[in-house]
Structure formats: C-alpha cells, structure tokens
Amino acid sequence: MSGFLGMDPEQARSHADRLHTESQRVEELHAEIDAFVQGVDWVGPDREGFVQEWGGRVGPQFSSLSERLQGLGFDLEAEADQQEIASEPGGDGSGDPESLLPESVTDFLDRLEEGIRGLPEGIQRLIPDTPWAEMIAGGVVDLAEGAESLLEGGRDVLKGLPGPLGDLFDGLPDGDIEILDERAEIELGEEPRHVQDSEAPQNLADLILANDETRSEIRTEPPGGEYNAQDSAQIRIQTIQGADGTERYIVHVPPTQGAPLAPEDASSLGEWPGIIDGWNQQGQPFGWANNIYAMAGRENAGANAVTAAMEEAGIPPGSDVAFVSHSQGGLVASQLADDPAFNNSSGADGSYNVTDILSVGSPVQTYTPAQSSTDVMNVHHVQNGETSGDFVPTLDLEGRSFRYPGGNPAENVQDVPMLTPHEDPDYPQGSPDHNAHESVHRGPDGSYSDTSGYYGTLTQHADHPALADKADRMDGQYLGEDVVLVDDVVIDARRI
C-alpha cells in the first residue's frame, strides 16, 4: 500500500460496507418499533398525541439516519475509487487534499456529534412496562456502543484522510474506543474513616447538609487528605440508635462528580477524543456517564460503590436503612431499592430493609421499590417567577411507560415540587440552573446559606405537609431529639 497517497481504499470500502449494514439495521429497528407503536393497546388523546409525535418527529429521525449512513457509504466507495486513480503510477495525486471527501466527512462528523449528544431519543427501545426514561437511557448506551464499533472499524480510514481532515482524528486511540465507559468494578480505601465532631440529625435539612459534605474534605480520623473528586467518591454511613434502642443506618449517596460532561470551551468534535479519555480515566464512580447506566437499569459503578461500602461498614443483613441523596445519588438509591434481592427484610446476605429514601434534585420515578413499605420522597425545585426550575428530576419523565402513560402509579414514590428559592446574594451561584439544582450553597470559608438551595428549602419550609409527614415518619428512628449517633464513617470508593 506504499504507493497510495492518503486513505487506504480497501479500508474505506470495508467501512462503507459497515455503514450500509448499519443503515439496514436502523431501518429494521424503525419498522419493528413503528409496528409496536401502532398496535399498542392504549386509547385516548394521550395515545393519539404520542402516535402523532412518533410519526411526525421521532420516526423520521430513523429514516434520516438510515439515509445518511447509506449515502455516506456510497460516498466513501466513490472516494475510494478516486483515491485509487489518484494513487496509480502517473496519476495526478495533487490538488487540494480536502477535495477527497469534503461534504461526506463533514456530514458524517455532524451526524456523529448529533447522535452522541441527542439522537438516542429517536432509537429508544419501546417495551411495555418499562419507563420511557429507562428505554431512552438504554438507547443511549446502545447508540454509544454502535458509534464505538463504527469508529473502531473506520479509525484507520479517518486517520488516513489527507491534510486537516486526518489531523482531526489523530487523537483517536489505537486501542478500544469507549464513548461511555462501563467499568463498574470498585475498590475501597484501606479502612473506614470516622467523622469527627458529628452530631445526630435533628431534621430533614440536617440530613441533606450531612450528605453534601461527601463532596468535600471531611474532618476524620484517620485523616483523609485533600479530596479529589475525579479520583474517588466518599460514601458516608451513620449508625443511629433509635428511641426504641434499635440501631439503624443512614447511607449518604453522593451526586454526580468528577470530570465534567464537556468543558465550556469544547466547540468542535476534534476535541472530544481528549474529553472522552478524561471521562474514562477517572476513578470517580459517580461520573456523569454513570447516570445513563443507572437510568437504564444496568450494572454501574455508583451502585457497586454503595453496596461495597455498606458491607465494609458492617451493616448487618436485614437492617433498617435510609438512603439520603442528591441528584444522581437518588437515582442510584432508587435503583438499589427496586432490586428485590437487595431490598428485603429476610436477613439474607446482601439484603437490607430499605425503609426510606430522601433525595433532592433526583430523578427517582423510573423505579418502584421492591417493598411497598419503602417510602421514597424527592424534593424538586420548580420555576419561581424569573428563577429557573431544576431540570434534573424531570429526566425520569415521571416514570411514564406504555402501560402507565400518566406516570408511575407507585403510591410510595412521591416527587414534591417546591418553588426555587431566590438566589442568596451572600452565596452567588454560577448560573440559574446551578442555583436551582445545588443542594447546599456554600461560601469559600465553608459557611452555607439557610435560605437558598435545597437545604434552604427544607429549612424554610419544614411545615410543608409532605415534608412534615416525612419528618414525622423518620422521627425517633433516624432523626430527632430521641436518637443517638453511634458512629459516623466515610468509606472511600473508586473505579478500577
């Protein structure tokens, strides 16, 4: 192949065949889902609206994607022919190198970037009884895996493109390409660290304050050192002796941390190989991609970190447990509580009696607890005049599925909407979205606002009927004047 300039025609044709095959797969999936949508046993205006949405907006995305994949395959075959002509002895082989694959490569990059960021809505797998959010998340994972396969199959072709086009893909790794890193294995720190100067929680706001501390350096014995959010997570477990003398456990599940989804200055697809590498190299089990695996109901590092930490802390099987969480933490807690092997009172190894989940800013309605006795409450900020609402809790689509188009019917799963507090001028936030979603608004000196953030909402509205009922339910068991803090430990967990 040393006589060729630029791409390898045989590799290009091989990748073109792959594009044709993927195009056919998309068409087959389109036909399968369309038949299901049209034949679903559901009547009424909601059904008509959904079918219209499918036929008018989502369905055509399948056809568009299939056509683009097919067209890219034909274009790539034609350009391979041109490459052979240009590389033959006596061939021209000169001219503008970007004339080889100008529009088709640009089109491919645009479609790939669009697919990674948002197209999965158009290829969700519609299965009865499965919440739409879970189906969409599963589609995201499947699309990422398909994109990884396509990139791996065409990597040498893309790197071999002439001039700036090839340079664009120089950052692609030579090994496996992982857009969403599914590593779920966990290792724990050497030993639990005991929190110093800790007190028993008196109310719901105290629970959220203690949970928020998992995202920063906590004063413990032995000391933990400076906390690096990209390296590991801190699972905090409090042992509480209730008014009845029974020991119960509060497990604090942290929110999304670590490497950001994308730096604010990431403006081109050429920057994404480095960004993806940053996501996948970090040891943080609660990275942004873990949200997708948790929403899709698949094994994930966050859930494994929690279960490993609970075992390390010595929580006896069958013990009463309450999860306290923020954002992704509530999603992971809800996923665990949905598992009947985990959430039961049998006393079997690896099982716990999950009595309560309290979360803020979390999408918890995708899951239904395995026990009807498990009480799930999420507090959700909504728009308040000119203030923004928190969009993260809406990602569960209120648990909607084909069987329950109006949302999850579970009576023991409650999402409580509360007005977003106005920004506290003493604790300014980076954006309106941050103001609506953050659990505790803190200053550089570690002080915090009791009027803004979810902590402020719980502090200022403790008499809200739903919040008061939840506090009464947990009083004497996990919080209140009659409980005693027996132990408070932090367990470090990282992906390997």
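At 5% relative accessibility, asparagine 435 counts as buried, where buried means under 20% relative accessible area, exposed means over 50%, and partly exposed lies in between, computed with a 1.4 Å probe on protein chains only. This is a predicted model, in which local features need pLDDT of at least 70 and side-chain atom pairs count only at pLDDT 80 or more, while totals for chains, interfaces and linings use all residues. Residues are numbered from 1 along each chain as its sequence is written, and side-chain values use heavy atoms, with hydrogens and water left out.

**The chain as a whole**

- The protein chain holds 13 helices and 10 strands; helices (H or I, at least four residues) and strands (E, at least two) are DSSP runs, numbered from the N terminus.
- Of the 496 residues in the protein chain, 51% are buried.
- The protein chain exposes about 22100 Å², of which carbon and sulfur atoms supply 47%; accessible areas come from the Shrake-Rupley method with a 1.4 Å probe, and for residues only the protein chains shown count as cover.
- Among contacts between residues at least 6 apart in sequence, 75% join residues at least 24 apart, a contact being heavy atoms within 4.5 Å.

**Two individual residues and their surroundings**

- Asparagine 435 lies in helix α11, which covers residues 432–437, and, leaving aside residues up to four places away in sequence, asparagine 435 touches Thr420, Pro421, Glu423, Gln429 and His441.
- Isoleucine 186 is found in strand β1, residues 186–188, and the C-alpha atom of isoleucine 186 is separated by 5.6 Å from that of arginine 494, although the two residues are 308 residues apart along the chain.
- Not counting residues up to four places away in sequence, isoleucine 186 touches Pro285, Ala301, Asn304, Ala305, Ala493, Arg494, Arg495 and Ile496.

- Helix α9 (residues 301–312) packs against helix α10 (residues 328–338) at an angle of about 70°, with their axes 9 Å apart; axes are lines fitted to C-alpha atoms, for helices over the stretch in contact, and angles run from 0 to 180 degrees between N-to-C directions.
- The helices α9 and α10 are therefore roughly perpendicular to each other, since angles of 65 to 115 degrees count as roughly perpendicular, under 35 as roughly parallel, over 145 as roughly antiparallel and the rest as oblique.
- On the α9 side the contact is made by Gly302, Ala303, Val306 and Thr307, and on the α10 side by Val332, Gln335 and Leu336.
- The residues of this contact of α9 with α10 divide into four nonpolar, three polar and no charged, where Ala, Val, Leu, Ile, Met, Phe, Trp, Tyr, Cys and Pro count as nonpolar, Asp, Glu, Lys and Arg as charged, and the others, Gly among them, as polar.
- The axes of helix α8 (residues 288–295) and α10 come within 10 Å and cross at roughly 30°, which makes α8 roughly parallel to α10.
- From α8, Asn290, Asn291, Ala294 and Met295 meet Gln328, Leu331, Val332 and Gln335 in α10, and the residues of this contact are divided into four nonpolar, four polar and no charged.

**Helices α6 and α12**

- Helix α6 (residues 204–212) and helix α12 (residues 453–460) pack at an angle of about 165°, their axes being 8 Å apart, which makes α6 roughly antiparallel to α12.
- The contact is formed by Leu204, Ala205, Ile208 and Leu209 of α6 together with Tyr455, Leu458 and Thr459 of α12, and by class it has six nonpolar, one polar and no charged residues.

**Backbone features in loops**

- Most residues other than glycine have a negative phi, and most peptide bonds are trans.
- The peptide bond from glutamate 221 to proline 222 is cis, with omega near 0°, and proline 222 has its place in the loop between β3 (220–221) and β4 (233–241).
- Leucine 397, in the loop between β8 (375–382) and β9 (413–419), has a positive phi of about 55° although it is not a glycine, and with a relative accessible area of 29% leucine 397 is partly exposed.
- Glutamate 398, found in the loop between β8 and β9, has a positive phi near 60° and is partly exposed, with a relative accessible area of 40%.
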